[in-house]
Amino acid sequence: MSRKSSFRKKKALRMDDAGQEKELLEVLDQSGKPFLVMHRDGVLRQRLRHRVALVCLRDPEGRIYVHKRARGRSAYAGLWNVSASGRVLAGEARHDAALRELAEELGISGLELTLTARIEPSAATDNAEISLYCTHFVSAVPRPNPDEIEQGMFVDRDELDALVRDMPHLLTPALIWAAEHMEWND
């Protein structure tokens with residue numbers, strides 16, 4: 001994580017009345033420009049426009065890492081998700097958020113990411129503007145954070161297509177969307 005990203009994350013966290021850290025997110029206007037900073041819970045509860053970064057980690061065989069979200073997670077607990085994902089914090093660039101999530105969720109840092117796809121906020125995305133990043137083919141070994149990830153595995157294109165087709169109820173909307181938009185380069 002860059003020094004700038006680390007500084008921004010510290011600024012984007014505030015303590016609530018109970019002494020718990022709360023993430024601050026930028027609320028976006030209709031044109032996609034930030035105009036307000038609010039606590040994450042309020043943004044999500046009110047379904048306000050905000051940003052999310054998704055990351056697909058690819059191994060040397062071109063497979064992508066998917067993981068099962070920990071049962072204790074507030075959203076999509078127990079469902080399979082993209083390699084790493086998270087809300088973009090106030091003052092944080094989308095690319096930096098993607099790198100931060102990769103480090104927090106999988107213990108991997110220092111990778112080059114490529115923006116693969118973006119989708120505008122809508123009801124289908126819970127009003128999130130989503131940016132999908134993919135790694136190049138890397139040999140980095142994921143070290144899943146047990147607070148966020150129950151288990152994980154690498155899947156190839158055919159396996160992911162079968163999961164989306166036959167078991168969408170076991171997948172997060174983010175994984176389904178990423179599967180439809182990522183570039184496999186095969």
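Start by selecting Tyr76, which is partly exposed at a relative accessible area of 38%. Here buried means under 20% relative accessible area, exposed means over 50%, and partly exposed lies in between, with a 1.4 Å probe and protein chains only. Tyr76 sits in the loop between strand 5 and strand 6 (80-81). Helices (H or I, at least four residues) and strands (E, at least two) are DSSP runs numbered from the N terminus. The phi of Tyr76 is near 55°, a positive value in a residue other than glycine.

The model is predicted: local features need pLDDT of at least 70 and side-chain atom pairs count only at pLDDT 80 or more, while totals for chains, interfaces and linings use all residues. Residues are numbered from 1 along each chain as its sequence is written, and side-chain values use heavy atoms, with hydrogens and water left out.

**The whole chain**

Zoom out to the protein chain, which has 5 helices and 10 strands. Of its 186 residues, 45% are buried. The accessible surface comes to about 9,800 Å², and 50% of that surface belongs to carbon and sulfur atoms. These areas come from the Shrake-Rupley method with a 1.4 Å probe; for residues, only the protein chains shown count as cover. Among contacts with a separation of 6 or more, 61% are between residues 24 or more positions apart. A contact means heavy atoms within 4.5 Å.

**The largest nonpolar core**

Next, select Leu54, Cys56, Ile64, Leu132, Leu160, Leu175 and Met182. Of the 23 residues in the largest nonpolar core, these touch the most other members. Such a core is a set of buried Ala, Val, Leu, Ile, Met, Phe, Trp, Tyr and Cys residues joined through side-chain atoms within 4.5 Å. At least two core residues come from each of strand 4 (50-58), strand 5 (64-69), strand 9 (128-137), helix 4 (157-166) and helix 5 (173-181). Which element gives the most to this core? Helix 5 does, with 5 residues.

Centre the view on Ile64. Leaving out residues up to four places away in sequence, Ile64 touches Cys56, Leu57, Arg58, Met153, Phe154, Val155, Leu160, Met182 and Trp184. A second, separate core has 16 residues, including Ala53, Val55, Tyr65 and Leu113.

**Tyr65 and Phe154**

Now show the side chains of Tyr65 and Phe154. A search of the whole structure finds 1 aromatic pair. The ring centres of Tyr65 and Phe154 are 5.2 Å apart and the planes lie at 70°, so the pair is edge-to-face. Rings of Phe, Tyr and Trp (its six-membered ring) pair if their centres lie within 6.5 Å; planes under 30 degrees apart count as stacked, over 60 as edge-to-face and the rest as tilted. Tyr65 belongs to strand 5 and Phe154 to strand 10, so the pair ties together parts that are 89 residues apart in sequence. Tyr65 is buried, with a relative accessible area of 5%, whereas Phe154 counts as partly exposed at 22%.

For another ring, go to Phe137. Arg58 lies over its face, at 4.8 Å from the ring centre. The criterion for a charge over a ring is NZ of Lys or CZ of Arg within 6 Å of the ring centre and within 35 degrees of the ring normal.

**Asn81**

Move to Asn81, in strand 6. Is Asn81 buried or exposed? At 3% relative accessibility, Asn81 counts as buried. The side chain of Asn81 makes a polar contact of 3.0 Å with the side chain of Ser85, and one of 2.7 Å with that of Thr172. A polar contact is a pair of N or O atoms within 3.5 Å; within protein, one must be able to donate a hydrogen and the other to accept it, and residues adjacent in sequence count only if both atoms are side-chain atoms. Neighbours within four places in sequence aside, Asn81 is in contact with Val66, His67, Arg69, Thr172, Ala174 and Leu175.

**Two loop asparagines**

Select Asn127, in the loop between strand 8 (113-119) and strand 9. Asn127 has a positive phi of about 65° although it is not a glycine.

Then take Asn145, in the loop between strand 9 and strand 10 (149-155). Asn145 counts as buried, at 19% relative accessibility. Apart from neighbours within four places in sequence, Asn145 is in contact with Glu104 and Glu105.

**Leu36**

The last stop is Leu36, in strand 3 (residues 34-39). Leu36 counts as partly exposed at 39% relative accessibility. Not counting residues up to four places away in sequence, Leu36 touches Leu25, Glu26 and Val27. The C-alpha atoms of Leu36 and Glu26, 10 residues apart along the chain, are separated by 5.7 Å.
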